[in-house]
Amino acid sequence: IDLAGELVGVGFWGEAALVLPEDVTGRARIPFVIEGQPVMVEKSFRLLEKNYWKYVLGLDYNFGHGFYVNLQFLHGFFDEFAFTREAQENLGLGQGVFFGALANYLFGRLEYKTGNEKLKLKAGGLMEITAQGSAFALLPEVEFRVADSLAMQLGGFWLLSGQADKTKFGQFKKDSMVFLGLKVDF
């Protein structure tokens, strides 16, 4: 499902996908003790839910005088799945930060560009919300247009909060970065 439009100057869009995974069966051997003797019982179960949704919803608005804002909400990153309760309990699936359970993400960006559009300032943010915790990062950027098709960029990524074992972006807590780049439009 894909939709887009504008209402009172506010742009909006949404994309949604109903995921219908194959019926993959997981098996776990569970040890029990019966009358003092260890017994292994094999349990079979479906790995993924029969269906689940992944989607993104977004809004943007141009305030004029060079100011622009963009907000997006994402449910389910590309590496996230809806594991069944049995798969989570018996195999530990969905508990990792990568290839884990469905999580939610909020992205936001405020931009200001000068009247001649030579300078663009961007203040961005990212929030990850999972059942185990959350993470928050800042994404500032400055862009200076040298020519019509060439721009210099300076920006960074700073994780302000988030635990490495609880969130996907928390993995990058020690990896804050600053970048300098050239952008060519053609």
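User: What makes a stretch of this predicted model count as a helix or a strand?

Analyst: A helix is a DSSP run of at least four residues, and a strand is a run of at least two. On that basis the protein chain has 1 helix and 11 strands. Along the sequence the pattern reads β-β-β-β-β-β-α-β-β-β-β-β.

User: Why is the protein chain called more spread out than a compact globule?

Analyst: Set the value against the rule. The globule rule gives 16 Å for 186 residues. The radius of gyration is 23 Å, well over that, so the chain is more spread out than a compact globule. The C-alpha trace spans about 85 × 40 × 30 Å along its principal axes. Of the 186 residues, 30% count as buried.

User: What makes Arg85 and Glu89 a salt bridge?

Analyst: The cut-off is 4 Å, from a side-chain nitrogen of Lys or Arg to a carboxyl oxygen of Asp or Glu. The N to O distance for Arg85 and Glu89 is 3.2 Å. The pair therefore meets the definition. Both residues lie in helix H1 (residues 85-91), 4 residues apart, about one turn of the helix.

User: Why is Glu89 called exposed?

Analyst: Exposed means over 50% relative accessible area. Glu89 has 52% relative accessibility, so Glu89 counts as exposed.

User: How do you know that Lys122 forms a salt bridge with Glu143?

Analyst: The closest N and O atoms are 3.9 Å apart. The limit is 4 Å, so the pair counts. Lys122 sits in strand S8 (residues 119-129) and Glu143 in strand S9 (residues 134-147), 21 residues apart. The pair links distant parts of the chain. Both residues are buried.

User: What makes Arg145 and Asp185 a tie between separate parts of the sequence?

Analyst: Their salt bridge has its closest N and O atoms 3.2 Å apart. Arg145 lies in strand S9, and Asp185 in the segment after strand S11 (177-184), so the pair ties together parts 40 residues apart in sequence.

User: Are Arg145 and Asp185 buried, partly exposed or exposed, and why?

Analyst: Buried means under 20% relative accessible area, exposed over 50%, and partly exposed in between. Arg145 has 18%, so Arg145 is buried. Asp185 has 35%, so Asp185 is partly exposed.

User: Which residues are linked with these pairs in a network of salt bridges?

Analyst: The network links Lys122, Glu141, Glu143, Arg145, Lys183 and Asp185. The whole structure holds 13 salt bridges.

Key. Residues numbered from 1 in each chain as written. Predicted model: local features only at pLDDT ≥ 70, side-chain atom pairs only at ≥ 80, totals over all residues. Heavy atoms only, no water. Rg over C-alpha atoms; globule rule 2.2 N^0.38 Å. Buried < 20%, exposed > 50% of the residue type's maximum accessible area, 1.4 Å probe, protein only.
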